[in-house]
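This briefing concerns the arrangement of chains and helices in the structure shown below. Please keep the sequence and the model in view while reading.

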Protein chains: 2
Amino acid sequence: MNIGDVSTRSGLPAKTIRYYEDIGLIKPHRSENGYRCFVEADLHKLAFLGRARALGFTIEECRLLMALYEDESRASGDVKQLALEHLRKIETKIADLQAMRETLTELVQCCAGDNRPDCPILKDLAGQTDLPEQGVKA
Amino acid sequence: MNIGDVSTRSGLPAKTIRYYEDIGLIKPHRSENGYRCFVEADLHKLAFLGRARALGFTIEECRLLMALYEDESRASGDVKQLALEHLRKIETKIADLQAMRETLTELVQCCAGDNRPDCPILKDLAGQTDLPEQGVKA
DNA sequence: CTTGACCTTCCCTTGACTGGAAGCCCCATA
DNA sequence: TATGGGGCTTCCAGTCAAGGGAAGGTCAAG
């Protein structure tokens, strides 16, 4: 298999596949003409990586997960711990974004959104808050 | 004011303030010795930027917001539109992260997390899903 | 033989900074 | 007056996970 086929079948861009080789996540063989030559196992690894990345694991976490996957004597507890740590990071991000969403939603609701220049959103950003009985939201 | 004072008062690192000057968000004067010399208006702008960034606006969005802020004849509708677009992006991100969280939570719940190698998390990543009556989650 | 699709490497760009090195500047203390 | 320490300057490199694009080699069809 050439990189184009692998790209199609894995759903990963060729650029990404080359990048994953660069950083040592996969090690495809080479044909005589210098083309990368992938076997099913490579495709399988790439699919694994694609799914792990889609779940938001960083590249380094993916590297660890792959190592665990290939280690027949792994402890599932190690995998679970990695997943739990990642889960906590995701939850933190969600909370941060939700806080932003709340503040923005309030600001948007307070803004007339017409042709007049008076704008509570800008006022808030400028530090002269305009919101009705709103506590400080750091 | 030197950069250190502005950094303290705005809460932004000096590095960030220099960066904001580099990309043209602020234009502090210079003292004879070459030091940046900030006035209250600069501090005010930096605080504005800090708040907008904390709400997740990109630098380019901040640039637009600042321009609107300084434009006395702006229409609040323009600001509101910018905020609404940003709000939608935030909501998309939240939804993506929530999907990750759900999948990860399920996987974590299915994993014994002990010393045995059998691990539903790895199985799922490898494409051989193991979850009880679970539809495909792309 | 030529065209066009595919492949290769290489380097640059992204966003929003952060870190660090090398070198002035300024003030206080010995 | 020396010197020490902190603050300031610029510039360069690195982060993360790729994406863009150039220059050139390879291959199969017409």
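Through which surface do the copies meet? They meet through the same surface, because 100% of the interface residues of chain A are also interface residues in chain B; contact means heavy atoms within 4.5 Å. The model is predicted, so that local features need pLDDT of at least 70 and side-chain atom pairs count only at pLDDT 80 or more, whereas totals for chains, interfaces and linings use all residues. Residues are numbered from 1 along each chain as its sequence is written, chains are lettered from A in the order in which they are written, and side-chain values use heavy atoms, with hydrogens and water left out.

**Relation of the two chains**

**Helix α1 of chain B**

- Helix α1(B) spans residues 3-10, and its buried residues are Ile3(B), Val6(B), Ser7(B) and Ser10(B) (helices are DSSP runs of H or I with at least four residues, strands runs of E with at least two; buried means under 20% relative accessible area with a 1.4 Å probe, protein chains only).
- These residues line one face of the helix, because they fall within an arc of 105° seen down the axis of α1(B) (the arc of the directions from the helix axis to the C-beta atoms).
- Their cover includes α2 (14-22), β2 (36-37) and α3 (40-54) of chain B.
- Just after α1(B), Gly11(B) takes a positive phi of about 80°.

**Helix packing in chain B**

- The axes of α3(B) and α4(B) (residues 59-70) come within 10 Å and cross at roughly 130° (axes are lines fitted to C-alpha atoms over the stretch in contact, with angles from 0 to 180 degrees between N-to-C directions).
- That angle makes α3(B) oblique to α4(B) (under 35 degrees is roughly parallel, over 145 roughly antiparallel, 65 to 115 roughly perpendicular and the rest oblique).
- Contacts between this pair involve residues including His44(B) and Phe48(B) in α3(B), and Cys62(B) and Tyr69(B) in α4(B).
- The axes of α4(B) and α5(B) (residues 76-110) come within 10 Å and cross at roughly 160°.
- α4(B) is therefore roughly antiparallel to α5(B).
- Residues meeting here include Leu64(B) and Leu68(B) in α4(B), and Val79(B) and Leu82(B) in α5(B).

Conventions
Buried means under 20% relative accessible area, exposed over 50%, partly exposed in between (1.4 Å probe, protein chains only).
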